[in-house]
Amino acid sequence: MTFGEQPAYLRVASDLREKIVKGALPPHTRLPSQARIREEYGVSDTVALEARKVLMAEGLVEGRSGSGTYVRARPVPRRIARSGYRPGIGASPFRQEQSAEGVRGTWESRSEQEEAGPEVAARLGIQPGDRVMRTRYVFRDAGEPMMLSTSWEPLSVTGRTPVMLPEEGPLGGCGVVDRMAAIDIVVDNVTEEVGARPGLADELGDLGGVPGHVVMVIARTYYAGGQAVETADVVVPADRYRVAYHLPVK
């Protein structure tokens, strides 16, 4: 193989991918069999199998038990708007943003106390083993799972206060800024870092994805006077959504 030349299985996968993207192999069409790929491209069974694995890992095709491998329908990406906190509305940022996009955003959540691991502790500026409130969310758009979030709040800040449980009490569901204001903590800064990685099995199970799908991960942290009061990992399926930021110019 000369320098820069792709392995045979990647060349085969690239050609099949192009046919899928251009519509020569439309959604729900059966992918050529392993024997057909072997004959058409003049490759071994191993190469044909590896090429099919590449397309499955990319989420372009899916196997159906006893039937074969078929081209998956490609969803049209929808937007998840992120524009930050807007005061005076009396709703969480998620509800504000989804309402602005004209969708019916709902969620379910579960909170429990735990000890902070090293990564969460570093993000919150506390010691590993310190107690935090962890809340896991599944966000839905018209009933369809669209986004996951896991947040952590140091109990040294919210413990024994009316806002210790983010989704319960008089300010349940109102978001970090309003809840912290209720205990005289003024949130003055928020950071978000966006990355991508393959989705974990439990994440894809909750989001309705398939193994190999890529997710975007937004690592968000709220600060008050330089002290982190909440940090969260927001997970979004990259094949179905685009994260759109609305940033005011000051």
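This report describes a pocket, a surface patch and several individual residues of a predicted model.

## Basis of the model

Residues are numbered from 1 along each chain as its sequence is written. In this predicted model, local features need pLDDT of at least 70 and side-chain atom pairs count only at pLDDT 80 or more, while totals for chains, interfaces and linings use all residues; side-chain values use heavy atoms, with hydrogens and water left out.

## The second largest pocket

The second largest pocket holds about 480 Å³ of space. A pocket is an open set of points, on a 1 Å grid over the protein atoms alone, where a 1.4 Å probe fits, with protein on both sides within 12 Å along at least five of seven lines; lining residues have an atom within 4 Å of a point. The volume is the space filled by probe spheres set on the points.

Its lining comprises 18 residues, and those nearest the centre are Arg 136, Leu 148, Thr 150, Asp 202 and Glu 203. Two or more lining residues come from each of strand E4 (105-115), strand E5 (131-141), strand E6 (144-154), helix H8 (201-207) and strand E9 (227-237). Helices (at least four residues) and strands (at least two) are DSSP runs, numbered from the N terminus. E6 gives the largest share, four residues.

## A nonpolar surface patch

Val 194, Tyr 245 and Leu 247 make a nonpolar surface patch of about 320 Å². Such a patch joins nonpolar side chains within 5 Å, from residues with over 30% relative accessible area and no salt bridge; a salt bridge is a side-chain nitrogen of Lys or Arg within 4 Å of a carboxyl oxygen of Asp or Glu. Accessible areas come from the Shrake-Rupley method with a 1.4 Å probe.

Leu 247 lies in the segment after strand E10 (241-245). Leu 247 counts as exposed because its relative accessibility is 67%, the term meaning over 50%.

## Residues with positive phi

Most residues other than glycine have a negative phi. His 28, in the loop between helix H1 (8-22) and helix H2 (34-41), has a positive phi of about 75°. With 53% relative accessibility, His 28 is exposed.

Arg 160 also has a positive phi, of about 60°, although it is not a glycine. Arg 160 is placed in the loop between helix H6 (155-158) and helix H7 (176-181), and is exposed at 86% relative accessibility.

## A buried valine

Val 138 belongs to strand E5. Its relative accessible area of 15% makes Val 138 buried, that is, under 20%. The C-alpha atoms of Val 138 and Val 235 are separated by 9.7 Å, although the two residues are 97 residues apart along the chain.

How values were computed. Patch = residues over 30% accessible without salt bridge, like charges linked within 9 Å, V, L, I, M, F, W, Y side chains within 5 Å. Buried < 20%, exposed > 50% of the residue type's maximum accessible area, 1.4 Å probe, protein only.
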